[in-house]
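User: Hi! I'm new to reading protein structures, and I'd like to go through this one by asking questions.

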Amino acid sequence: MVALSRLKGKSPIKCVFFALFESVWKYDRVYRLMERSDRFDPIVLVCPIVNYGKENMIDNMRRCFASLQKKGYNVICSYDEKTDRYLDVRQELNPDIIFYTSPYKGLIDDRYYIDQFEDVLTVYVPYFFSSNRDYQLSFNKPLHNLVWRRYLESDVHRKIARKCSYNKKNIVVSGFPGIDTFLDPNYRPNDVWKDKSARKKRIIWAPHHTIEPVGIIYYSCFLKYQDFMLSMAQKYSGSIEMIFKPHPLLRNKLNALWGEDKTNEYYARWRQGENTDYNDGEYVDLFLTSDAMIHDSASFTVEYLYVNKPVLRTLNGEDLTEQFNQFGLACLKNHYLAYDETEIEAFIQNVISGQDPMKESRTSFLKGTLIPHGSPSEFIIDDILDSIDSQRN
């Protein structure tokens, strides 16, 4: 491969990360390792998301840019609002390696899609820990097959990818870099909750965006519990604080269903409550400083288990075995399950009283199945350098 041979002996190697949403950014530790190495020159490029119109694109880019800049990244924006001009990646950045954060064509502006960079090394790390049975979505989109390297979460995911993907040669198991910080004993999270005394139990509610089915995926219970969850926060206001952490696409779906005014009003109710809040950004600190989670999400089915705290999944009656792969089903066995309001309230009461009957089995699953051998981010760095130095395609 010409793109690979060009990099032999080169230093530094310019790496451009195409960032979309702050909440699906999984490259933090990879970037930090590159930043400390004289072999790499990392840059984060905030790219335009175009499938919900220009106003939404600009708003998302502003928030993503501000958040990543605050973290101290070398970050630039691909779109200039004043000149209405898009950055030319080849001419202005000339990357050696491009790192993608999403595989979907039509989400990112076409000028930044992978088919524009056929002579550049490209890498993809999943933005979510895959637990579903939609294998085409997770393993066989064009970008999955076109990238030079795609780093997967586990051997289970490798077996699925080799069975379902056209390109089987670019698959490498690294572990999921999004969990590196959860496992770092030296990391000290920021307290993102209103009540800094931590006297109240801190519960996250994280509803998915699939208020209507997306292929075989239909997780969401949001419309069933939208008011109930607020009522629970109010009923137990002396004992809990609850943060509303929706999937970033839920707002767009609700804008279409409810209209923007009703949607904005609902989100504002969470932000304005004395013991409630709304979080739309990265969630590592949120998870680490929480006491429990209630969700109907996809990646969180796996990710929250890494903090080893009580977690409840709300169910909408759909057959879980039709939606989750074997890895996801194993993770769900370490969840409390709720089919109605009574079971949700019972979970909240248990969190308040400190009862957690699944603690032992969850701990065993975490140690025996989920914790990787070594750091996924370090593995990715080492594999890239070894591939370049040894010219291993």
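The questions and answers below go through strands, helices and charged side chains.

User: Before we start, what kind of model is this?

Analyst: Residues are numbered from 1 along each chain as its sequence is written, and side-chain values use heavy atoms, with hydrogens and water left out. Local features need pLDDT of at least 70, side-chain atom pairs count only at pLDDT 80 or more, and totals for chains, interfaces and linings use all residues, since this is a predicted model.

User: Is strand 1 largely enclosed or open?

Analyst: Strands (E, at least two residues) and helices (H or I, at least four) are DSSP runs, numbered from the N terminus. Buried means under 20% relative accessible area, exposed over 50%, and partly exposed in between, with a 1.4 Å probe and protein chains only. In strand 1 (residues 13-19), six of the seven residues are buried, so this strand is largely enclosed by the rest of the structure.

User: In what order do the strands of the six-stranded open sheet come?

Analyst: Strands of a sheet pair through backbone hydrogen bonds, either parallel or antiparallel. Strand 12 (276-278) and strand 15 (336-338) stand at the edges with a single partner strand each, so one side of each has no neighbour in the sheet. The pairing is parallel, and the order is 12-11-10-13-14-15.

User: Which residue of strand 15 is the bridge partner of arginine 313?

Analyst: Strand 14 (residues 311-314) pairs with strand 15 in the parallel sense, over three bridges. In strand 15, the partner of arginine 313 is leucine 337.

User: At about what angle does helix 10 run to strand 12?

Analyst: Axes are lines fitted to C-alpha atoms, for helices over the stretch in contact (heavy atoms within 4.5 Å). Angles run from 0 to 180 degrees between N-to-C directions. Helix 10 (residues 260-272) lies across strand 10 (201-206), strand 11 (240-244) and strand 12, and its angle to strand 12 is about 130 degrees.

User: How many salt bridges does a search of the whole structure find?

Analyst: Side chains of opposite charge can pair when their charged atoms come close. A salt bridge is a side-chain nitrogen of Lys or Arg within 4 Å of a carboxyl oxygen of Asp or Glu. One network of them links Arg149, Asp383, Asp386 and Arg392. The search finds 25.

User: What is the N to O distance between glutamate 35 and arginine 32?

Analyst: Both residues lie in helix 2 (residues 28-35), three residues apart, about one turn of the helix. Glutamate 35 is partly exposed at 40% relative accessible area, whereas arginine 32 is buried at 18%. Their side chains meet in a salt bridge, with an N to O distance of 3.6 Å.

User: Which residue does the side chain of aspartate 109 join in a polar contact of 2.7 Å?

Analyst: Aspartate 109 sits in the loop between strand 6 (97-100) and strand 7 (121-124), and it counts as buried at 10% relative accessibility. Leaving out residues up to four places away in sequence, aspartate 109 touches Pro48, Val50 and Tyr86. A polar contact is a pair of N or O atoms within 3.5 Å; within protein, one must be able to donate a hydrogen and the other to accept it, and residues adjacent in sequence count only if both atoms are side-chain atoms. The side chain joined to aspartate 109 at 2.7 Å is that of arginine 111.

Methods: Pairing = 2+ DSSP bridges.
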